[in-house]
Amino acid sequence: MEAADFAMPGYVLIKKSQSAWDDRDAPRMLGLARAAREGPWRLPARVMAEAVQQQARGLAMLGTGQRQVDDMLKEARDFLDLAAEDRTSLAAHYDTVLFKVQTAICYGESGRPEQAVEIYGSTLTPTVFSARDLAYFSTLKAQTLVAVHRLDDAALAATAAIGAASAAGSARTLRELFRLRRRLQPWHARPAVHEFLRLMDAV
């Protein structure tokens, strides 16, 4: 505020909204995303896209209809299409590929895990994402694979993510891996799942 960077407070609210996602606190996530979008500031298009996408995820987590979630995602994509006109580096990481992954998360939360898995499969590549980010999103993909009962695939994807998450010291990814561990525990007799659980015990 001292530097008259009036977009930054809105962006901070988006980051807080993302932290609420880590705790799966949907009402707080949605409220913070709305506050970022509706506050007394003018946000760059790329930041607005991220705020609206966060709203879509919050709505999906709260059981809002798929059509409303999709309408919100379309609005976010429209903002992202305007991002070339932004004259700021704020949220420069938020591009079309990352938006697709965020869409996959929204689909998973709105009861469309099959579509989410398809998007993850076409976008998660080491040539696009850093090892740290790839491990995080691969873990979210693994959680979605459990939802479509592809248990071995989920365990294998998560096993591949453990090393990168540990090397990067990514507490966020490790938190998601432990969340996945709880979901896979009932199938501990399956070889791939057993190996994943064994490695998680070591972590």
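Biologist: How many helices and strands does the protein chain have?

Modeller: The protein chain has ten helices and zero strands. Here helices (H or I, at least four residues) and strands (E, at least two) are DSSP runs, numbered from the N terminus. Do keep in mind that this is a predicted model, where local features need pLDDT of at least 70 and side-chain atom pairs count only at pLDDT 80 or more, while totals for chains, interfaces and linings use all residues. Residues are numbered from 1 along each chain as its sequence is written, and side-chain values use heavy atoms, leaving out hydrogens and water.

Biologist: What about contacts between residues at least 6 apart in sequence: what percentage join residues at least 24 apart?

Modeller: Of those contacts, 64% join residues at least 24 apart. A contact means heavy atoms within 4.5 Å.

Biologist: Switching to charges, how many positive and negative side chains are there?

Modeller: There are 26 positive and 24 negative side chains, and the centres of the two sets lie 2 Å apart. Lys and Arg count as positive and Asp and Glu as negative, with His and the chain ends not counted. Each charge is placed at NZ of Lys, CZ of Arg, CG of Asp or CD of Glu.

Biologist: I'm curious about T144. Where is T144, and which helix holds it?

Modeller: T144 sits in helix α7, residues 131-147. T144 counts as buried because its relative accessibility is 10%.

Biologist: Which residues does T144 touch, not counting those up to four places away in sequence?

Modeller: T144 touches P113, A116, V117 and Y120.

Biologist: Nice. How many aromatic pairs are there?

Modeller: The count comes to two aromatic pairs. One of them is Y136 with F137: the ring centres are 5.2 Å apart and the planes are at 65°, so the pair is edge-to-face. Rings of Phe, Tyr and Trp (its six-membered ring) pair if their centres lie within 6.5 Å; planes under 30 degrees apart count as stacked, over 60 as edge-to-face and the rest as tilted.

Biologist: Are Y136 and F137 buried or exposed?

Modeller: Both Y136 and F137 are buried. F129, Y136 and F137 form one aromatic cluster.

Biologist: Back to the backbone. What is phi of R24, and where is R24?

Modeller: Phi of R24 is near 55°, a positive value in a residue other than glycine. R24 lies in the loop between α1 (7-22) and α2 (26-38), and R24 is partly exposed at 23% relative accessibility.

Biologist: What about phi of H149?

Modeller: H149 has a positive phi of about 65°, although H149 is not a glycine. H149 is in the loop between α7 and α8 and counts as exposed, with 65% relative accessibility.

Biologist: Last one: where is A168 found?

Modeller: A168 is found in helix α8, residues 151-168. A168 is partly exposed, at 30% relative accessible area.

Terms used. Buried means under 20% relative accessible area, exposed over 50%, partly exposed in between (1.4 Å probe, protein chains only).
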